[in-house]
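Hi,

Here is the structure I promised to pass along. Have a look at it first, and then read on for my notes.

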Amino acid sequence: MTVTNEPVRLAGGIFDRSLGHACAFFHSEEEKYRALLPFIQEGFERGDRVIHIADPERRAAHLRQLEEAGLNAASGQGCRSV
């Protein structure tokens, strides 16, 4: 795995890597994806590994949102239900 010191953008700001995690609350699904899709896209472009924890009832909708944003989320990404 390659480690980079490039800044990470999240919700219009720079994410401080020393914090190690982020937590956010949203008023709607639309607001959530508006804030997170650019962050997710940037991670895929950089080759970062990600884990998305989603309600099993929302999994298909989540993957559809990623696909509609141009992300090939299911292909080769190890997507699976637990």
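Below is what I found, going from the whole chain down to single residues.

First off, please keep in mind that this is a predicted model. The chain has two strands and two helices, and the order from the N terminus is β-β-α-α. Of its 82 residues, 17% count as buried. If you take the contacts with a separation of 6 or more, 50% of them link residues 24 or more positions apart.

Now for the inside. The largest nonpolar core is made of seven residues, namely Y33, L37, I40, L63, L66, L71 and A73. Helix 1 and helix 2 both put in at least two residues each, and helix 1 gives the largest share of this core, with three.

I40 is a handy one to click on in the viewer. Setting aside neighbours within four places in sequence, I40 makes contact with H52, L66 and L71. Two of those names, L66 and L71, also sit in the core list with I40.

Then there is helix 2, which covers residues 59–68 and has A61, H62, L63 and L66 as its buried residues. Those buried residues pack against helix 1, that is, 29–46. Just past the end of helix 2 you will come to G70, where phi is positive at about 90 degrees.

Cheers

How values were computed:
Residues are numbered from 1 along each chain as its sequence is written. This is a predicted model: local features need pLDDT of at least 70, side-chain atom pairs count only at pLDDT 80 or more; totals for chains, interfaces and linings use all residues. Side-chain values use heavy atoms; hydrogens and water are left out. Buried means under 20% relative accessible area, exposed over 50%, partly exposed in between (1.4 Å probe, protein chains only). Helices (H or I, at least four residues) and strands (E, at least two) are DSSP runs, numbered from the N terminus. Contact means heavy atoms within 4.5 Å. A nonpolar core is a set of buried Ala, Val, Leu, Ile, Met, Phe, Trp, Tyr and Cys residues joined through side-chain atoms within 4.5 Å.
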